Amino acid sequence: MTGPDAFRAALAALDLPPEWQVEVAIRPRRRKTGIQVNPGGGVAVLIPPAAAPEQVARFVAGHRRWITEKVDTAARLAPDYAVKEFVDGEEFDLRGRRYRLQLVDASSAGAAQLPSITSDGVLSRGDSSQSWSAGQ
């Protein structure tokens, strides 16, 4: 079995466009190499454990035109909206209600899972000393 670094090196030699964001995934149950174009245009090369890096590189090179078409389509159909940031006063929708974030200094005790909303309306990260208060 060959590691993912050997496959990444073989694919890097193809000089693929950087906007493709190629990921390598070795899948133990696969029998054939496959290509998956993700929403937004990322490309995942799905590799069986018995494949050789040169074989995978030839496969991807042979499907370059198909990948180009699918990446263009995926990028065109990707949602065009701003990514929300966790900034004091930022508003967002959660479970049908609109909340405004308010930064607080300490997270609540017992916030082990993410996200965690306490009974007093605090949305906590749980892994840090900062949490967010979701007030209305």
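Predicted model: local features only at pLDDT ≥ 70, side-chain atom pairs only at ≥ 80, totals over all residues.

Student: At what angle do helix 1 and helix 2 pack?

Tutor: The angle is about 40°, and the axes of helix 1 (residues 4-12) and helix 2 (residues 53-62) lie 9 Å apart. That makes helix 1 oblique to helix 2.

Student: Is the crossing left-handed or right-handed?

Tutor: Helix 1 and helix 2 cross in a right-handed sense.

Student: Which residues meet there?

Tutor: From helix 1, Ala 6, Phe 7, Ala 10 and Leu 11; from helix 2, Pro 53, Val 56, Ala 57 and Val 60. The contact comprises 8 nonpolar residues, with no polar and no charged ones.

Student: Which residues of helix 2 are buried?

Tutor: Pro 53, Val 56, Ala 57 and Val 60. Viewed down the axis of helix 2, they fall within an arc of 100°, so they line one face of the helix.

Student: And what covers the buried residues of helix 2?

Tutor: The cover includes helix 1, strand 2 (34-37), strand 3 (43-47) and helix 3 (64-77).

Student: What is exposed on the face turned away?

Tutor: Glu 54, Arg 58 and Gly 62.

Student: Switching to Val 56: why does it count as buried?

Tutor: Because its relative accessibility is 1%, and buried means under 20%.

Student: What is Val 56 in contact with, neighbours within four places aside?

Tutor: Phe 7, Leu 11, Thr 33, Val 45, Ile 47 and Ala 51. Phe 7 is 49 residues from Val 56 along the chain, yet their C-alpha atoms are separated by 7.3 Å.

Methods: Residues numbered from 1 in each chain as written. Heavy atoms only, no water. Axes fitted to C-alpha atoms, helices over the stretch in contact; angles between N-to-C directions. Helix = DSSP H or I, 4+ residues; strand = E, 2+ residues; numbered from the N terminus. Parallel < 35°, antiparallel > 145°, perpendicular 65-115°, else oblique. Left-handed = near helix turned anticlockwise from the far one by under 90°. Contact = heavy atoms within 4.5 Å. Nonpolar A, V, L, I, M, F, W, Y, C, P; charged D, E, K, R; others polar. Buried < 20%, exposed > 50% of the residue type's maximum accessible area, 1.4 Å probe, protein only. Arc of directions from axis to C-beta.
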